[in-house]
Amino acid sequence: MPQTPAQYRAHFDFDIRFANGGGLVGTGFRLDLPSADLGEAEVATLLIQHLGLALVDDVELRGLRIVEEPHRGSRGVETAPDRVGTASHRVVDLSHPIRAGLVTYPGLPAPTITPHLTREDSRARYAPGTEFAMDVITMIGNTGTYLDSPFHRYAKGPDLAGLDLASLVGLRTEVFHLEDAWDAARRGIRPETLADRDVRGAAVLLHTGWDRWFGQPEYGTGAPFLTGEAAQWLIDAGAVLVGIDSLNIDDTESGGERPAHSLLLGAGVHVVEHLTNLGELPPRGARFTAAPPPVEGFGTFPVRAFAEIDG
């Protein structure tokens, strides 16, 4: 396997003073760097670019440390187009495999797979040396990695057959690497966490790292989610799809409220849940695809979600 190039981030506190008065103070700040051999002045310039500040008079950094750490997508730092290798074109599978007995969401039925025609039985129907297997899978649409259409939430919303393929294939991707941005006490992803990116026309993928528990009892409780306020921010900002590698886009422990589903699907923004391998993607530069079969009168179905990365 090709080696993934090392990535670096700066850790520091800062004081910023503006030429027209006032200032800004930050503690425990982290910033992506294009390389490890940057001086304090260069890091300060990147900080100004990342924050989008004007009329800065002076920047003081305190406790500056540069450490090897994956990028999170800081503005002002070009993201390497290929984090997973040096090949000119890579495809990263973002879907969980489906198998008989798989528990995706606690309480929902697991898929069953039974033969319709075994290879042995098919030998009597075809020419010598020719055999086939034909199987029947019975499963709920909410199995594995799946996409929610508006029909999932709203009776008059477009079903799977009514979705525009252009809104599902080859989408510009903004990946938010949030493994260190939430904890058990504050599981909700808020709009402030997403506000430094231009997400118009993009698939927004939320990498929480919760997929490490998929298929295990731990997956069902304490999962990170998108707050209703953040869902509305993404709608207003023009996102076309939102995906997460967690149990649900909503907080399933809130007493039945589903603001993220209601807002996103009501606005025609697709939802993809139970993604995996999002840590393999750069913050920007990938193209995302997650297209379900066009089933009429159906709202949710598994997808083979994947990202393409060109280098």
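This is a predicted model: local features need pLDDT of at least 70, side-chain atom pairs count only at pLDDT 80 or more; totals for chains, interfaces and linings use all residues.
**Notebook: rings and a helix pair**

Phe 132 is where I started: with a relative accessible area of 40%, this residue counts as partly exposed.

Then I went looking for aromatic pairs, and a search of the whole structure gave me six. I looked up Phe 14 and Phe 29 among them: their ring centres sit 5.4 Å apart with the planes at 85°, so I wrote this pair down as edge-to-face. Phe 14 belongs to strand E1 (residues 8-18) and Phe 29 to strand E2 (residues 23-33), so I have a link between distant parts of the chain, 15 residues apart. I found both Phe 14 and Phe 29 buried.

Back to my starting residue. The rings of Tyr 126 and Phe 132 have centres 4.8 Å apart and planes at 65°; over 60 counts as edge-to-face, so that's what this pair is.

I also noted one aromatic cluster, made up of Phe 12, Phe 14 and Phe 29.

Last stop, the helices. How do the axes of H4 and H5 cross? I get roughly 15° for H4 (residues 228-237) and H5 (residues 259-266), with the axes coming within 8 Å. Angles under 35 degrees count as roughly parallel, so H4 and H5 are roughly parallel to each other. I logged their crossing as right-handed. On the H4 side I listed Gly 228, Ala 231, Gln 232 and Ile 235 in the contact, and on the H5 side Pro 259, Ala 260, Leu 263 and Leu 264. Sorting the residues of this contact, I got six nonpolar, two polar and no charged.

Note on methods
Residues are numbered from 1 along each chain as its sequence is written. Side-chain values use heavy atoms; hydrogens and water are left out. Axes are lines fitted to C-alpha atoms, for helices over the stretch in contact, and angles run from 0 to 180 degrees between N-to-C directions. Helices (H or I, at least four residues) and strands (E, at least two) are DSSP runs, numbered from the N terminus. Angles under 35 degrees count as roughly parallel, over 145 as roughly antiparallel, 65 to 115 as roughly perpendicular and the rest as oblique. A crossing is left-handed if the near helix is turned anticlockwise from the far one by less than a right angle, and right-handed if clockwise. Contact means heavy atoms within 4.5 Å. Ala, Val, Leu, Ile, Met, Phe, Trp, Tyr, Cys and Pro count as nonpolar, Asp, Glu, Lys and Arg as charged, and the others, Gly among them, as polar. Rings of Phe, Tyr and Trp (its six-membered ring) pair if their centres lie within 6.5 Å; planes under 30 degrees apart count as stacked, over 60 as edge-to-face and the rest as tilted. Buried means under 20% relative accessible area, exposed over 50%, partly exposed in between (1.4 Å probe, protein chains only).
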